[in-house]
Amino acid sequence: MRRPLVVGNWKMNLSGVEGVALVESFLRAIYLVDGVDVVICPSHVALQSLWISVRDTPLALGAQDVFWEHHGAFTGKVSACMLRQAGVTYCIVGHSETRGRFGKLDVPESTLSTFAESDETVNLKIRSLVYQGIAPILCVGETLAEREAGRTDEVVLGQLAGALHGIDPDEIRHLVVAYEPVWAIGTGKTCDAAEAQRVCALIRSGLDKVAPGFGNDIRVLYGGSVKGANSKELFRQPDIDGGLVGGASLNAKEFGEIVRCAA
Ligand code: PGA
């Protein structure tokens, strides 16, 4: 039986002080809610403040990205070891925004290459997280152009296979996969629940090929404009174990409603 999971990705929002205040109101909003794991992913600089405020609560702390080397001359990077020491137990990897693919292409092409994470770097990040005992939240998903070209399944399965290539199945027991269609992120356009279910089931069968015997235990989330109003229908689907939530996780009441639906 897979336990539902809701992850709040705060992206480049909220200082430590603002984050602590949001967590306090969020904890009031989910008072007595049980049967669901909840993770919040603040910016790296807010992790320390948030760790102090979540450590005696049911909430877990996640990071939004990681660098795969353990230490050394890597200016601006943060290692999995540093994240573990900061109290992080989950970490997002391969988000479409770190892959340089945005729902709204509102940055110049020249800027996109700055973000462009590849399946190879995602693979390295997963290995370093697993080594530190941090659960990777691997994001996969197609752009609108790829969907319209009928390439959704090929793109999603390709990202999955690339990210997990050569990794011992036993090491990815705590992996979480999030299906995040790029065109649904931050756009207000949610993927139809039946289609999200179809792709999440496809991911699960893909997982079973890469990590035989584990596909049924790994949690698969849906992400992309999840809100209180649409989460019930999404989370009712048999292969959707919860959500990866961006914008709505910045509002305690809305995020609370999503968590209640997952529970
Ligand atoms: P959104 O973002 O909920 O704002 O669409 C989801 C995500 O990027 O993980």
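Where in the chain is the place of Lys11? Lys11 belongs to the loop between strand S1 (5-9) and helix H1 (16-29). Helices here are DSSP runs of H or I with at least four residues, strands are runs of E with at least two, and both are numbered from the N terminus.

Before we walk further, a word on the model. It is a predicted one, in which local features need pLDDT of at least 70 and side-chain atom pairs count only at pLDDT 80 or more, while totals for chains, interfaces and linings use all residues. Residues are numbered from 1 along each chain as its sequence is written, and side-chain values use heavy atoms, with hydrogens and water left out.

## Around the ligand

The ligand is surrounded by 13 residues, and the closest are Lys11, His95, Glu180, Gly186 and Ser225. To count as near, a residue needs a heavy atom within 4 Å of the molecule.

Sorted by class, this shell holds four nonpolar, seven polar and two charged residues. In that scheme Ala, Val, Leu, Ile, Met, Phe, Trp, Tyr, Cys and Pro are nonpolar, Asp, Glu, Lys and Arg are charged, and the others, Gly among them, are polar.

The table lists polar contacts, that is, pairs of N or O atoms within 3.5 Å; within protein, one atom must be able to donate a hydrogen and the other to accept it, and residues adjacent in sequence count only if both atoms are side-chain atoms.

| Residue | Atom of the residue | Distance to a ligand oxygen atom |
|---|---|---|
| His95 | polar side-chain atom | 2.7 Å |
| Ser225 | backbone N or O atom | 2.8 Å |
| Gly247 | polar backbone atom | 2.9 Å |

Taken alone, the ligand exposes 280 Å², and the protein buries 96% of that. Such areas come from the Shrake-Rupley method with a 1.4 Å probe; for residues, only the protein chains shown count as cover.

His95 lies in the loop between strand S4 (90-93) and helix H4 (109-115). Is His95 buried or exposed? His95 counts as buried because its relative accessibility is 4%; buried means under 20% relative accessible area, exposed over 50%, and partly exposed in between (1.4 Å probe, protein chains only). Although His95 and Cys139 are 44 residues apart in sequence, their C-alpha atoms are 5.1 Å apart in space.

Ser225 is in the loop between strand S7 (219-223) and helix H9 (228-235). With a relative accessible area of 12%, Ser225 is buried too. A polar atom of the Ser225 side chain lies 2.8 Å from the backbone nitrogen of Gly188.

## Positive phi values

Most residues other than glycine have a negative phi. Lys11, however, has a positive phi near 50°. Leu32 is not a glycine either, and its phi is positive at about 70°. Leu32 lies in the loop between H1 and strand S2 (37-41), and it is exposed because its relative accessible area is 75%.

## Elsewhere in the fold

Which side chains does Glu195 meet in polar contacts? The side chain of Glu195 makes a polar contact of 2.9 Å with that of Arg147 and another of 3.0 Å with that of Arg198. Glu195 is in helix H8 (residues 193-210) and counts as buried, since its relative accessibility is 18%.

Asn123 is part of helix H5 (residues 119-131) and is buried at 8% relative accessibility. From Asn123 to Gln85 it is 38 residues in sequence and 22 Å in space, C-alpha to C-alpha.

In strand S5 (residues 135-140) we find Leu138, which is buried at 0% relative accessibility. The C-alpha atoms of Leu138 and Asp170 are separated by 16 Å, with the residues 32 apart along the chain.

Finally, Thr75 is in the loop between strand S3 (59-63) and helix H3 (80-85), and counts as exposed at 80% relative accessibility. Thr75 and Glu120 are 45 residues apart along the chain, and 20 Å separates their C-alpha atoms.
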